[in-house]
Amino acid sequence: MSSLPADATAALLVLLQALTSADNNTRSNAETSLNNEWIGQRLDMLLLGLAEQTLANPDQTMRSFSAVLFRRIASKQPQDSDTLASRLIDKLSPEVRTTIKGIFLQALANEQVNDVRHKICDTISELTIGATEQWPELLSVLFEATKATAPGLREAAFRIFAASPQIISKEHLPGVNAVFGVALQDADVHVRISAIVAYAALFETLPKSSWKTIQDLLPALLNVLPPLNTVETSEELTSALSPLIDLATLAPKLFRPMFKTIVDFCISVIKNKEMDSMTRQTGLELLTTFADESPGMCKKEPTYATSMVHQLLALMTEVGEDDDEQATSWREDEDLDSDDADSTHVAARQSLDRIAVKLGGSILLPPLFQWLPGMIASANWQERHAALMAISAFAEGCRDVMITELSNVLTMVLPRLQDPHPRVQWAACNAVGQMSTDFSPELQQNFGARVLPALIQVLESSEPRVQAHGAAALVNFCEEANKDTLEPYLDDLLNHLMVLLQSPKKYVQEQVLTTIAIVADAAESKFIKYYDAMMPILFQVLQSDAGKEYRVLRAKCIECSSLIALAVGKEKFAPLSQQLIHTYAAIQESITEPDDPAASYLIQAWARICRVMGPDFLPYLSGVMRPLLEVGKTKPEMQIIEDAQDVDAFDQDDWDVVPVQGKHVGIRTSLLEEKNTAIELLSVYAAELGAGFEPYVGEVLHEIVLPSISFFFHDGVRSAAAQCIPHLLTAVKESGPANTSKLAEYWREIVTKLLDALAIEPFVEMLTCFYTSLYQSIETIGENCLTQDDMDKFIQSIVANVGDYMTRVAARAGQEDEYEDEDAKDAEEAVDDEMVSEINKAIHAVFHAQRISFLSTFEKLFETLSQMSARPEVDCRGFSLCAYDDMIEFCGPDAWRYRDLYMQPLTVAVSDPSASMRQAATYGFGVMAQFGGAEFSETVASILPALFQVTVISDARSDENIYATENASSAIAKILRFNHTSVSNMDEALEAWVHTLPIVNDEEAATYAYSFLVDLIELQHPCVQKNAAFIVDSVKKALDANAIQGATAERVKRAVNL
């Protein structure tokens, strides 16, 4: 019996009929009525009525439509709410929501049509999201449904579990285990698959401590797969394999006991060419995910690498199967990015790239080179193509091993540039280009004479796609080449490129322009001789009134001309600078459509011209800034996706779809990338123009940079904003005393924003950026730039951030994670290490600016520093030592009273096995000697034997140890100079110190040490006269390495008569 009055039900039925009408006007009027009258005025009646129609309408189409419409309306964000998570259904009273839930549970039980039942499941899942009141009967109903006679109802229960795993709490797990165990052996394949999907969703929701409760189900889950390994059930197999990818991402080691079985099974799926391509690719993705997430497990299974390599190479031969032997379709296709993007051979190439990065050359190269020589010599063009594309894919990951065989690999690849088949030529270009990137700079330096002529010859190919790809490979080569490598070939190379500029194919012309630009960038001043011939051609394109189809070509001309200007330098560019600037300005004014590529290319080009012209660019800055500021102020373009079924269709190249509080939100990432670039270029202008950029600093700071610190939609934007801040401050500072008050005002806003961000930022990478921006800004502003409140907040943030860091360190140092691979820990550790390094630099900057005034605030960090000193990890102990060093360096004698805190850790660290610890400790004793005064004198003198020992350990001058050695030498020099009265055997110590030289890497250590050496020379100390030849040799080495420069270098040269 309906809960609604009869007239309301009748009106609703009329509305539903109109909403499904084929007549546009009828449907439009109904939508207006739905929004204004029903949603706006009778929401409770609408949702209750839709629930009832889902339950009782005799027409299955209308039942399905009612369920879908209910879910869309219920999940909508109310117009009067700014909270994304709020929903219209939350506006109903608890009593009405309870009634609706009961109706849908009844509908679930009664519905006989699977498609409608699925819609009901989706709606029930929606009702579980963010529910404020309990729904205790739901679980019991679903558990009962798993035992139903009808397989559709059993499947429905697991569909809801999959969509709403959060309804299962820890206390339900024992019962859930039994329910899932039965379902995974259900007679109906769809029930089994739904149980797999639900299991993966539940696993992801549970805390790691609860995984053991349900992981015993995994063998039963995997037993679902073999019966589905048929062509007829390939779609079902895809559905069963897909959730395993999520499980492998989350807990790869969960599969360790049966890993070989999984590998064998997936390989059998992958190699079956009769199987649906999506199924094969899903099996491939599962095996590749294991390499991504647990390379150690893959390395330990001997069949993994050999089986994967064999199948990947086989898959990569499945290219051009829909084309004729001459590749006619491919040759005529001018969409160069198509490349059968969803095809199996592309998926295989991407997989090989990923597993190579994770497993490395020692594991992959033996099975690869078991097959590659035969394939590359095959009469079958697909096999030659596959071999070359494989080399492109695995080169980066196998670099360390493969680089020793680079000559032999090039011997295999370079002849294929002249292969009879155009697609093989193209693949050879691809391989050479990729190798030019992955094996730089060794390939350019050692094999340029083989590679460059071969690539230039490719430009003579009769096939335009090969010409274009050969030109693209030259970009890769030249990006990592120096001008001396290129110079012998520039005439031949540029003559060929100039010919190709006349190609009838626009894509060839576009690529050639990019190539010329990169050649110019690499050739630098060597390009000057070609400048006069090249620029008129570019001007011709830039100034022509070409159609829309030539917009990309014009954009490439913009890029090319600006890079050429940058390459040849200000003097050569000057005569044409006005013409090019006016041409750019005319193009900028002519842009009327938002998708014109010239706009984004101009933004980059203006910055290059600014780099060339320096302050002379200032008269043109106002015209450049307008579009740049517009892009920098871009707001995020977002769209709430009401129907989850629309997510896949919405997730495009320009958009990302992210789940937010139970909803899906589309974010247009292409606009955010442009905003990121704009902020980076604002940094360039501020850095290049200095004081000349000051008039724009206020607008940039207040409307772009500071708001972007909290721009949570795009980390790149936030990072670029943080990096921009020091440049903005420098521009104002350089503008002179007249802007002192403005600089103070800006700094106050900046330091407040950064310190607030440090207090709440959850992401380690962003914390690192903010600490970097803070210390660079403090260095710019200078002495006494922080208030007491600033210093308090700074230390509070460090205590919190370092505390979180120590928690993560302790977790990584615990017992081996039975679910997660060590590589994941290594990646997290690297991110953490960078953060604490930047915090150290920030502490250094604050001490440098505040000196003794920071000391009482710094005391609040002592407990944290003591905890870090007590940990076994080098990075933790090193963090404390560096902080102690800064306190001693900038507070001198005032640091003596804290000696019980730091003296023992520093003393022990001088003899630490870790070179970085020795370096920090020796530096610390050096600053004690230099700045500590009389209180430290006896202490630093007593450490001399340990410091000398640092300089004479085996391989003291290896790459690993050299900085510790040189800092020890510098510290000894400081002790001998400032504390000589406490050194009992001064002459012996000086004699020994001379032999700790040379210092050729650490400029700070070298500057002090060689200044001290000059003092000894001027004093004609016997240790100098006795070791004159050794000292001259040491000085030469330091000068050759540029370790000493400027006034210090000149003083040293005079002292030793160089």
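**Entry 1, α40 and α41.** I began with helix α40 (residues 764–781) and helix α41 (residues 788–813), whose axes come within 13 Å and cross at roughly 145°. This is a predicted model, in which local features need pLDDT of at least 70 and side-chain atom pairs count only at pLDDT 80 or more, whereas totals for chains, interfaces and linings use all residues. I note also that residues are numbered from 1 along each chain as its sequence is written, and that side-chain values use heavy atoms, with hydrogens and water left out. Helices (H or I, at least four residues) and strands (E, at least two) are DSSP runs, numbered from the N terminus. Axes are lines fitted to C-alpha atoms, for helices over the stretch in contact, and angles run from 0 to 180 degrees between N-to-C directions.

I then looked up the hand of the crossing of α40 and α41, which is left-handed; the term applies if the near helix is turned anticlockwise from the far one by less than a right angle, and right-handed applies if clockwise. The contact (heavy atoms within 4.5 Å) is made by V764, L767, Y771 and L774 of α40 and by F794, S797, I798, N801 and R808 of α41. Sorted by class, the contact of α40 with α41 has six nonpolar, two polar and one charged residues, where Ala, Val, Leu, Ile, Met, Phe, Trp, Tyr, Cys and Pro count as nonpolar, Asp, Glu, Lys and Arg as charged, and the others, Gly among them, as polar.

In the loop between α40 and α41 I found N784, which has a positive phi near 55° and is a residue other than glycine. N784 counts as exposed because its relative accessibility is 54%, given that buried means under 20% relative accessible area, exposed over 50%, and partly exposed in between (1.4 Å probe, protein chains only).

I turned next to helix α3 (residues 43–56) and helix α4 (residues 60–75), which pack at an angle of about 150° with their axes 8 Å apart, and whose crossing is left-handed. I listed the residues that make the contact as L43, L46, L47, L50, A51, Q53, T54 and L55 of α3 with R63, S66, A67, L69, F70, I73 and A74 of α4; they divide into 11 nonpolar, three polar and one charged.

I also checked G49, whose place is in helix α3, and which is buried with a relative accessible area of 2%. Leaving aside residues up to four places away in sequence, G49 touches L4 and L12, and from C-alpha to C-alpha G49 and T9 are 6.6 Å apart in space although 40 residues apart in sequence.

I recorded 55 helices and three strands in the chain, whose C-alpha trace spans about 110 × 75 × 65 Å along its principal axes. Buried residues make up 55% of the 1058 residues, and residues 24 or more positions apart account for 72% of the contacts with a separation of 6 or more.

For F693 I noted touches to L621, M625, L682, Y685, A686, V700, L728 and A731, not counting residues up to four places away in sequence.

Which residues of helix α49 are buried? I found L944, L947, F948, V950 and T951 within its span of residues 944–952. They cover an arc of only 150° around the axis, which puts them on the same side of α49; the arc is that of the directions from the helix axis to the C-beta atoms. The face turned away from this buried side carries the exposed residues P945 and V952, while what covers the buried residues of α49 includes α47 (915–931), α48 (937–942), α50 (962–978) and α51 (986–994).

I noted a cis peptide bond joining S440 and P441, with omega about -5°, and located P441 in the loop between α24 (422–438) and α25 (442–458). The peptide bond from L997 to P998 is cis as well, with omega near 5°, and P998 has its place in the loop between α51 and α52 (1003–1018).
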